[in-house]
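Please look over the sequence and the model together before reading on.

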Amino acid sequence: MLLLLDTQPGDEIIMPSYTFVSTANAFVRVPVFVDIREDTLNIDERLIEVAITPRTKAIAPVHHAGISCDMDAIMSITKRHHLKVVEDAAQVLCHLRALPKKSPFNDLLFTMI
Ligand SMILES: Cc1ncc(COP(=O)(O)O)c(C=O)c1O
C-alpha cells in the first residue's frame, strides 16, 4: 500500500476505530481512527471530515461483517478533498461476488487472508 499510494512518513490514513490490526498495518503510515456507527459498526461517515488534515492521504473504509460502508457519502468526501479510497474488503468476500470485476467506486480494494 505504501508504494501504491506513494505515501511519505507523516502521511495520515483515516480508518475506523473498530477493525482488525491488519487494516492499519497495511499502510505503515499514521492511522487516524474515526469512531464507528452503532447500527453497522462501520466507520461513521459523518465524522470523517473533521478528521481530515493537510497530511491526510487516504480513507480506508472497512466493510465490517459483510455490511457495506456508506460509500456514496465516503466517495463524496474523498472527491471534495482529493483523497484516495482504499477499501478493506476482508470481511465482505461473499458480497464481492456480486460486484463487477472493478468496483465502481474505489481506487483500491484489498483483501488479506
Ligand atoms: C478487517 C480485516 N482486514 C484484514 C484482515 C486480514 O488480515 P491478515 O491478512 O493479517 O490475516 C482481516 C482478517 O480477519 C480483517 O478482519
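**From one cysteine to the whole chain**

Leaving aside residues up to four places away in sequence, Cys 69 touches Asn 42, Ile 43, Pro 61, His 63 and Ile 74; two residues are in contact if their C-beta atoms, placed from the backbone, lie within 7 Å. The model is a predicted one, in which local features need pLDDT of at least 70, side-chain atom pairs count only at pLDDT 80 or more, and totals for chains, interfaces and linings use all residues. Residues are numbered from 1 along each chain as its sequence is written.

Cys 69 lies in the loop between strand S3 (56–59) and helix H3 (71–81). Helices (H or I, at least four residues) and strands (E, at least two) are DSSP runs, numbered from the N terminus. Cys 69 counts as buried because 24 other C-beta atoms lie within 10 Å. The cut-offs are 20 or more other C-beta atoms within 10 Å of a residue's own for buried, 12 or fewer for exposed, and partly exposed in between, with C-beta atoms placed from the backbone. Asn 42 is 27 residues from Cys 69 in sequence, yet their C-alpha atoms are 5.9 Å apart.

Strand S1 (residues 12–16) runs parallel to S3, joined by three bridges; strands pair if DSSP finds at least two bridges between them. Ile 13 has Ala 58 in S3 as its bridge partner. From S3 the chain passes through H3 to S4 in a right-handed β-α-β crossover, that is, with the strands pointing away from the viewer, the path from the first strand over the helix to the second runs clockwise.

The largest nonpolar core has 15 residues, and Ile 13, Ile 14, Ile 48, Ala 58, Ile 59 and Ala 60 have the most contacts inside it. Such a core is a set of buried Ala, Val, Leu, Ile, Met, Phe, Trp, Tyr and Cys residues joined through C-beta atoms within 7 Å. S1, S3 and S4 each supply at least two residues of this core, with the largest share, three residues, coming from S1.

Overall, the chain has four helices and five strands. Its mean pLDDT, the predictor's confidence in each residue from 0 to 100, is 87. Confidence is highest in S1, at 98, and lowest in helix H4 (residues 93–96), at a mean of 59. Where pLDDT is low, the predicted coordinates should not be read in detail.
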